[in-house]
Number of protein chains: 2
Amino acid sequence: MSSSDWNPQLSDKAYHLLTEDANKIEKLIEVQMQNLTTRQCPLYEEVLDTQMYGFSREVDFAVRIGLVEEAAGKMIVSKLERNLAQLYEALESKARSI
Amino acid sequence: MSSSDWNPQLSDKAYHLLTEDANKIEKLIEVQMQNLTTRQCPLYEEVLDTQMYGFSREVDFAVRIGLVEEAAGKMIVSKLERNLAQLYEALESKARSI
């Protein structure tokens, strides 16, 4: 990124928008976690995977355009991926216990 | 978008990156169009749909951050959607002729 491209306001806004979108996915994960003991929607995993893919493309775009540091982008995505992996683990262990 | 956010270099870069990504999808559509008369890969539609979704999320992000005009963003996405619709029409008409 050339120095003329550097724009702190836009960079802040990029982080803000990505955090907002990450929070929406976190919310979806939490809702499904809370529903573990009740009924399980079979489409939930697909919706979450699609959301995660869309989010990672947003982050990638923000990194490529130079508004978000590559390391920070990776961290945001892997934090969500870890939470998602925990959900899938919980779903699997629930499936085994039925 | 406040005037302090406006950054023509970054806006140009956003359009450039999006055009690059749109071209990749165009290429995928073209390849599949050329393969209409030969064999048809059943996963192609799914790959294209996923790519389109990821692309529309990128465009949406660029619009939300104020680097791409909303109307321009919509135009880029609908142009690709039209090409994709043509491909699906061709695939269907091929399926009917078999």
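Copies are superposed by least squares on the C-alpha atoms of residues with pLDDT of at least 70 in both.

**View 1. Chain A laid on chain B of the predicted model.** A turn of 180° and a shift of 0.0 Å along the axis place chain A on chain B with an RMSD of 0.0 Å. That is the relation of a two-fold axis. The same surface serves both copies: 100% of the contact residues of chain A (contact means heavy atoms within 4.5 Å) recur in chain B.

**View 2. Helix α2 of chain A against helix α1 of chain B.** Helices are DSSP runs (H or I, at least four residues), numbered from the N terminus. Axes are lines fitted to C-alpha atoms over the stretch in contact; angles run from 0 to 180 degrees between N-to-C directions. α2(A) is therefore oblique to α1(B) (under 35 degrees is roughly parallel, over 145 roughly antiparallel, 65 to 115 roughly perpendicular, the rest oblique).

**View 3. Residues at the contact of α2(A) with α1(B).** Arg57(A), Phe61(A) and Arg64(A) come from α2(A). α1(B) supplies Lys13(B), Ala14(B), Leu17(B), Leu18(B), Glu20(B) and Asp21(B).

**View 4. The salt bridge of Glu26(A) with Lys79(A).** The closest N and O atoms are 3.6 Å apart. A salt bridge is a side-chain nitrogen of Lys or Arg within 4 Å of a carboxyl oxygen of Asp or Glu. Glu26(A) lies in helix α1 (residues 8-34) of chain A, Lys79(A) in helix α3 (residues 70-97), 53 residues apart. Over all chains, the structure holds 20 salt bridges.

Residues are numbered from 1 along each chain as its sequence is written, and chains are lettered from A in the order in which they are written. Local features need pLDDT of at least 70, side-chain atom pairs count only at pLDDT 80 or more, totals for chains, interfaces and linings use all residues, and side-chain values use heavy atoms, without hydrogens and water.

Methods: Helix = DSSP H or I, 4+ residues; strand = E, 2+ residues; numbered from the N terminus.
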